[in-house]
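Reader: I am new to this structure. Please show it to me, and then let me ask about it.

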Amino acid sequence: MHNLEHLRHSLAHLLAAAVLELYPDAKRAIGPAIENGFYYDFEFSSPISNEDLPAIEKRMREILKKWSTFEKKEISADEARELFKNNPYKLELINEYQSQGLTLYTSGSYTDLCRGGHVENAKDIDPKAFKLTHTAGAYWRGDEKNKMLTRIYGLAFTTAKELEDHVVMLEEAKKRDHKKLGQELDLFVFSELVGSGLPLWTPKGTLIRNLLDSFVWELRKARGYQQVDIPHITKKDLYEKSGHWEKFKDDLFKINTREGHVFAMKPMNCPHHIQIYDRKPWSYRELPQRYASTTKVYRDEQSGELAGLSRVRAITQDDAHVFCRERRAKEEFLKIWDIVHEFYQVFGFMMRVRVSLHDPAHPEKYLGDTARWTTAEKMLREIAQEKNADTFDGIGEANFYGPKLDFLAKDSLGREWQVATIQLDMNMPERFDLSCTNESGEKERIVMIHAAIMGSIERFLSVLIEHTAGAFPTWLAPVQAAVLPISDKQNEYAQKIALQLQNSGVRVEVYDQNETIGKKIRNAELQKIPYLLVVGPKETDSGTAAVRQRGKGDIGQKNLDDFASQISKEAATRASW
RNA sequence: GCCGGAGUAGUUCAGUGGUAGAACGCGUUCUUGGUAAGAACGAGGCCGAGAGUCCGAUUCUCUCCUCCGGCUCCA
């Protein structure tokens with residue numbers, strides 16, 4: 001069995017071979033294997049688009065028939081330069097790699113400069129197990145100062161079945177796209193007048209946000225957090241002191257006051273929380289101080305970066321900061337970990353935890369002395385060990401101000417998203433001279449812990465919508481039950497029981513439109529409402545409802561008091577089904 | 001910001017150098033229906049915004065705005 005990466009890289013060669021036959025003046029850049037497939041970057045003399053892909057793919061299959069082995073040949077830098085004299089990209093690579101020796105690989109009549117990693121024989125490639133998917137712009141060598149090339153992406157697997165499964169998964173993901181579901185379920189909108197990256201939350205969407213936030217708050221409250229509230233703007237002085245002005249001034253929304261002062265919309269909350277901590281001197285006995293705010297931050301993201309709720313300019317953070325002594329940090333980390341665990345477990349996410357460490361090869365990227373980093377990273381590793389969780393190290397993933405634990409959630413389609421994060425900050429307390437008085441009556445430097453559970457409500461909701469396909473658990477569903485009268489003769493009874501349910505705390509809607517019962521059920525199902533209560537003459541007479549549960553169908557006649565208490569119980573326990 | 005694609009009714013989309021069409025949704029009426037689409041009629045559009053070419057532009061050209069797929073970025 002051959003290596004999948006070799007297979008994918010071989011297909012990149014095949015793609016280049018087909019492109020060069022169809023577009024002889026296209027210039028090749030690089031073509032590696034990637035997750036699920038491969039790509040190759042080209043400079044085309046005139047733009048190509050997705051419509052051109054079927055022809056290229058067809059040519060790939062034709063060429064593949066003529067290929068067998070990949071012949072390797074060592075060549076000198078001069079020979080290579082001669083061979084690729086019209087290709088500035090290959091020439092750049094030749095100059096870079098000439099000291100390590102250069103190799104050419106040939107299959108059929110196609111030859112490419114390449115460091116190797118191909119299938120033994122091109123006959124091993126299943127012509128039905130790859131597919132070109134889309135084109136995209138990509139900077140040469142990933143540097144935005146360089147020329148933009150055209151990248152052609154393809155999917156590739158060992159068997160046609162695997163390719164098919166992956167395509168089915170992509171289709172499912174498309175159906176669950178949170179931008180699409182957000183509109184269909186009426187959760188949020190964007191307005192051209194308000195601007196891009198600025199979502200507006202409808203009543204249903206706002207309800208969900210508030211329910212999620214209350215859940216996080218409940219978990220925090222139990223662990224000694226206190227809510228604080230802060231303004232959304234600040235004088236630039238705050239960010240000059242925190243260091244953010246210098247580092248991130250391009251990403252700040254700035255405000256000029258009529259008196260000529262410069263303010264900024266807050267892009268993060270820590271400096272504000274720090275000012276609350278710093279309102280008075282603290283005894284070590286009063287620590288930790290744990291401040292939490294669910295509040296928006298504003299970042300002037302590049303327009304091309306914005307995407308649905310995943311990347312916005314007005315971001316709601318469930319942000320908390322713990323101010324504590326360094327020796328206390330571990331205990332606080334563990335508490336936050338518990339919150340993260342409890343929160344994500346409710347939604348059925350599988351979690352992995354990345355211990356994000358500094359990169360010893362680049363000490364210049366980090367603040368503070370090595371000894372403190374060593375101590376701090378040792379602590380994080382201990383925590384990861386004690387928690388006995390699925391953890392891994394991320395070298396070079398630390399913040400410049402400290403190491404952190406990043407939580408990755410795997411959704412129901414197997415995609416992984418970074419969500420919660422717990423960060424140790426040894427820098428801000430220095431900059432703002434944050435301290436407490438210790439047992440010896442001395443001023444002692446404290447540390448800060450940044451702790452976001454959802455991270456951003458917008459991003460978390462984008463993940464949750466796609467994870468659940470919009471079928472929210474009962475406790476979170478904006479409408480938990482719909483009452484569907486079979487004809488308008490039952491409208492009055494429907495209103496009556498809706499009111500009764502509403503009084504027991506159930507979020508309920510009545511579908512009393514002049515439509516058939518089939519149509520009402522269809523509409524309610526499309527809204528992914530957990531429970532539908534169908535009421536006809538039978539139910540009116542017996543004072544019941546025929547209940548249909550989302551995903552399960554008819555679950556029989558229910559007494560209303562029993563039904564209401566069942567929903568309340570589901571909501572209280574945040575049950576999922 | 002960059003490359004490519006796209007903006008037509010509330011939504012999903014057809015379409016045309018002579019100022020527009022479907023389906024669903026919405027309204028009215030008929031229908032009173034038992035577990036995923038009953039019927040008829042009707043309202044609804046400065047064809048994303050601005051400029052240019054043309055006798056005439058929703059259609060062609062340019063600029064801007066917005067969205068999508070990527071790239072770069074993400075405290």
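Predicted model: local features only at pLDDT ≥ 70, side-chain atom pairs only at ≥ 80, totals over all residues.

Author: We start with what packs over one helix. The cover over the buried residues of α12 includes α11 (329-346), β17 (350-357), β18 (391-395), β19 (404-410) and β20 (416-425).

Reader: Which residues of α12 are buried, and on which side of α12 do they lie?

Author: The buried ones are W373, A376, L380, I383 and A384. Their arc around the axis is only 100 degrees, so they sit on the same side of α12.

Reader: What span should α12 have, and how far apart are its end C-alpha atoms?

Author: Helix α12 has 18 residues, 370-387.

Reader: Which residue follows α12?

Author: Its phi is positive, near 50 degrees. The residue is N388.

Reader: Which element gives the most residues to the surface near RNA strand B?

Author: RNA strand B is surrounded by 55 residues, and the closest are G137, S196, G304, S487 and G536. Elements that give two or more residues include β7 (130-139), β8 (148-156) and α16 (517-526). With seven residues, the top contributor is α16.

Reader: How many residues of that surface near RNA strand B are charged?

Author: The surface has 18 nonpolar and 20 polar residues. The charged ones number 17.

Definitions and conventions
Residues numbered from 1 in each chain as written. Chains lettered and ligands numbered in written order. Helix = DSSP H or I, 4+ residues; strand = E, 2+ residues; numbered from the N terminus. Expected span 1.5 Å × (residues − 1). Buried ≥ 20, exposed ≤ 12 C-beta atoms within 10 Å, placed from the backbone. Arc of directions from axis to C-beta. Contact = placed C-beta atoms within 7 Å. Near = placed C-beta within 6 Å. Nonpolar A, V, L, I, M, F, W, Y, C, P; charged D, E, K, R; others polar.
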